Amino acid sequence: MMICTALVFFMHLGFSLLEIGLTRQKNTLNILFKNIFIITVGLLLYCLVGFNLMYPGDFNGYLGFAGFGLDAVAAADLAYNKGYTYWTDFLFQGMFAATAATIVSGAVAERIKLVPFMIFVIIYVGVIYPIAGSWKWGGGFLDKLEFYDFAGSTLVHSVGGWAALVAVWLLGSRIGKFKNGKPQAIPGHNVPLATVGVLILWLGWFGFNGGSVLSAEPGVTSLVLVTTCLAAAAGGVVAFLASTILYKNFDLTMFLNGILGGLVGITAGADQMSPTDAIIIGAIAGAIIVFAVSLIDKLKLDDPVGAIAVHLICGIWGTLAVGIFGAMAGWSQFASQLIGVLAYAVICVSSSFIIFFVLKKTVGIRVSEREELEGLDAHEHGMSAYPDFRMNEH
Amino acid sequence: MMICTALVFFMHLGFSLLEIGLTRQKNTLNILFKNIFIITVGLLLYCLVGFNLMYPGDFNGYLGFAGFGLDAVAAADLAYNKGYTYWTDFLFQGMFAATAATIVSGAVAERIKLVPFMIFVIIYVGVIYPIAGSWKWGGGFLDKLEFYDFAGSTLVHSVGGWAALVAVWLLGSRIGKFKNGKPQAIPGHNVPLATVGVLILWLGWFGFNGGSVLSAEPGVTSLVLVTTCLAAAAGGVVAFLASTILYKNFDLTMFLNGILGGLVGITAGADQMSPTDAIIIGAIAGAIIVFAVSLIDKLKLDDPVGAIAVHLICGIWGTLAVGIFGAMAGWSQFASQLIGVLAYAVICVSSSFIIFFVLKKTVGIRVSEREELEGLDAHEHGMSAYPDFRMNEH
Amino acid sequence: MMICTALVFFMHLGFSLLEIGLTRQKNTLNILFKNIFIITVGLLLYCLVGFNLMYPGDFNGYLGFAGFGLDAVAAADLAYNKGYTYWTDFLFQGMFAATAATIVSGAVAERIKLVPFMIFVIIYVGVIYPIAGSWKWGGGFLDKLEFYDFAGSTLVHSVGGWAALVAVWLLGSRIGKFKNGKPQAIPGHNVPLATVGVLILWLGWFGFNGGSVLSAEPGVTSLVLVTTCLAAAAGGVVAFLASTILYKNFDLTMFLNGILGGLVGITAGADQMSPTDAIIIGAIAGAIIVFAVSLIDKLKLDDPVGAIAVHLICGIWGTLAVGIFGAMAGWSQFASQLIGVLAYAVICVSSSFIIFFVLKKTVGIRVSEREELEGLDAHEHGMSAYPDFRMNEH
């Protein structure tokens, strides 16, 4: 579990590299700054309020709070005995909490103002995410409805994905993204770093899914790692094949997003699937990615890193797949999954809309046109990401 | 074991970074694409056929097959009890399988056509590697001959290295590598990434060798980590000293390849050596690297990343070293090691020759001169690795 | 423990990336070379003499030596039984030993001669570090005085930090660092890599502090991970807030150094603190960083990566904090901590002064002005870090 916590922590590096790799050089520091902010502030907030909002003990199923801080309940440590300690539990869940905001960070990159984004992070990670989480993992009403989400296709990925969708819609697209209604490619500045990011994320998923077994029971844990890896592989291969057929081009970015889609897709039922199920779920996720990226473009939504396709759409797919494949398949389970998806849609869309709408009407959420064109690094951070990079003479 | 699997997975990132770091910018995406293809397709193939070719149960010692897919034999899970599960075993071995093809990828970089390379990967990883592996790890005829290869100096590294040698020979050298018969340095584009790659590979070797103990027995596992690290250190230091003396230059690339040579060299006998043995084996591997790199140049073979020196030549050295140093040393063991090396030379050279020769005579294996000069990224992927990278004004 | 050793090994990658990221492109290979040298030679030296100097068994409390090499004492393995093996112990401690020199490497970057630095590393890592370490972890006189240093705020970080201070003072500042007595910013060449470095270091600290529990006792280990992460988060946030208020700028580098300061600060007492204590200690470390960086500039000391502020000053703070916060707080403990800090100041400052002073007066420790201006990569290594990096036409 502790190793898994370390791996989930490492996912934040993966997200950071994926995001900066797929975006332009002039906004690199800004993205890194946002992500470092999310990790550090997210962890402190989860310590202060989040953990006790998410795991309030006995509660009404919708909202409960066990008090501020960890120390207040540390005595509970002694009675804790599920194969991991109270502290491990806190840290593992805390690392997850920050992930939800990181997903948003990628979608709003290159045009959001830093301070309003920070305010969003504080509210969303500190309050909304743990309340939403309590509905299932805290033993709330969705848990009683038999909704199942093993490691967070919905509780983590969709929670981030819905907010990303709302934010992208309220923010508007980057300057130059749509010309005469046609989407334009805005290539990032460092595809190798994006590739590193995806492989680190895959590695982190060993911890994300592996650790969610919440014990070191080797049979289940190892099956989870196998389903996770096979879904990732299938997602990548299908996205690569589909995009090669459609666009006559070996597109590395699509391959990478297919892998992520497969990973998000298997996350809700990683412990319930056979290897064959996992391959099918991942393959469908890979196909979804190719079409979702194109659909999002058609809807005139500008998501620089593909976060909505990967985390929201594949998150929904993975959650529903628990009712279709594997040990839990069945209409009743499918209905529970659908109710869960809808419940999270409601809380995430409404809360993130309120937050971003209020921010937009007060401090504003978008940088000035000049700042966007010249880059956020120069304006918000007074520096560039590669200040001393020089070319060699050839 | 599961953690070790994660670390071996991470080695693919190390290989990718090493390869792109030591090659030119214009071929970066192509190399990343190949490596992502190898990991994903390799894992799916290993699930479909490889695992059951490599571990066929009772068989004639040369070729056996336990059937398609994992599910067919998953029942065996229940009876599995060697300190790790059936699933862990599959995933750990599957991560190894892909490694063999990654080694080839580096050697043929910057000039091989993508589709024929993919066909080679499918056949070599899907069929040849597991059949060759069954001879020893599957309990085949080399296992009965007392041939010893702890974690794959021969079964993984030489299997990749022999195919790399054949491929490099059939492909020919890159344009500009030899002028009037003299080898020319073709520097890579990102030495820091290559360095990151080597350190990640070293980290991965903790899992590669540590996990090959196939249990969490702390005494052997920890000895294996010590011998692994000391051989790496000795290999690096000797390669650095030798190259400094020979070429009057502190050559970081040679230092790094010496580390890799030491790691490959210790792999066959990591559990059989004392720390002193490990240092000697690593040191000799480091010296071998310096001379092998120069020899390969003299043979007019063009191996951009030094894969043949590191994986083939140090792989052979490490395999033979089991008969010379440590707990198993002796003439009879040395003879077994030599037979093993030769057996793998025969299967790998002949099979990879047939595959590449047929591909060469049919679809062709080499890109056009124009494509090679302009870079594979632009032609095969329609993109560049750093599309938005801009210089600062100074 | 073995996993923790792997993570501590990985910290060397973190240090390397942090250092090259914050320094200029023309010295990148040189820094990587130094760090690879430190890891490999450090490990071999620790095997040859260091381990037996640091853990000499019963000794006079100041200096003892159990003999050369590991094999001599390997029999002790059988009697070893503290939840980890003799081999694990060696490797874990060996990875720490190299860290002390890596800290110095960052501070002296961009102007130190390679060979004298290597000589310093051999003496400091091979002899001084283990002798100093024996005073506490080897059961020496400071251990008997109840001095406490859980994972090396003093024994590792200050030991590196003091030598860094001495080296920076004897070396002098880089050309152009001070103009008319005013410090000038010399921006590094790759802030993303520096950020990667810090996140890898944070990950490594899971192993550094987690492994220092020296057992897999889940209660203490998991508390240590929580205190470690909370201190890191608090350090980062406070450094970011303080620097934003002082300099009206969202400074990513300060955020990152604040995280490192928090990590160094918690290291001495990570197992003795409550989460609240950890947050306070980290927060103070974050504030210290902002002021220490400015103070070091005022003292005309040129430390390109902030190593003195992070490792020395926060190392001292963390060591003293054991006497102020947490389970051991009290005047008597504070006095022991102060004695420990002073004892290490004496041995480290005097020994590193002697080494660098002798080197300065004999072979010289500073490169020529021309070499400094043109870069160490071109002069010492005959190569550049990004030899084939090309710009795209826009």
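**Helices, symmetry and a chain contact**

Helix α10 (residues 252–267) of chain A has 16 residues, which at 1.5 Å a residue should span 22 Å; its end C-alpha atoms are 23 Å apart, so the two values agree. The model is predicted.

**Helix α10 of chain A**
- α10(A) is mostly covered, with 16 of its 16 residues buried.

**Relation of chains A and C**
- Two copies of a chain are related by a rotation about an axis and a shift along it.
- Here chain A is superposed on chain C by a rotation of 120 degrees with 0.0 Å of shift along its axis, at an RMSD of 0.0 Å.
- This is the relation of a three-fold axis.
- The copies use different surfaces, since 9% of the contact residues of chain A recur in chain C.

**Contact between chains C and B**
- Chain C gives 43 residues to the contact and chain B gives 40 residues.
- On the side of chain C that touches chain B, at least two residues each come from α1 (2–21), α2 (28–54), α4 (86–107) and α15 (376–381) of chain C.
- The residues on that side of chain C are 28 nonpolar, 11 polar and 4 charged.

**L342 of chain B**
- L342(B) lies in helix α13 (residues 331–361) of chain B.
- L342(B) has 10 other C-beta atoms within 10 Å and is therefore exposed, the cut-off for exposed being 12 or fewer.
- In sequence L342(B) and I316(B) are 26 residues apart, while their C-alpha atoms are 9.6 Å apart in space.

Technical notes
Residues are numbered from 1 along each chain as its sequence is written. Chains are lettered from A and ligands numbered from 1 in the order in which they are written. This is a predicted model: local features need pLDDT of at least 70, side-chain atom pairs count only at pLDDT 80 or more; totals for chains, interfaces and linings use all residues. Copies are superposed by least squares on the C-alpha atoms of residues with pLDDT of at least 70 in both. Two residues are in contact if their C-beta atoms, placed from the backbone, lie within 7 Å. Helices (H or I, at least four residues) and strands (E, at least two) are DSSP runs, numbered from the N terminus. A residue is buried if 20 or more other C-beta atoms lie within 10 Å of its own, exposed if 12 or fewer, and partly exposed in between; C-beta atoms are placed from the backbone. The expected span of a helix is 1.5 Å times one less than its number of residues. Ala, Val, Leu, Ile, Met, Phe, Trp, Tyr, Cys and Pro count as nonpolar, Asp, Glu, Lys and Arg as charged, and the others, Gly among them, as polar.
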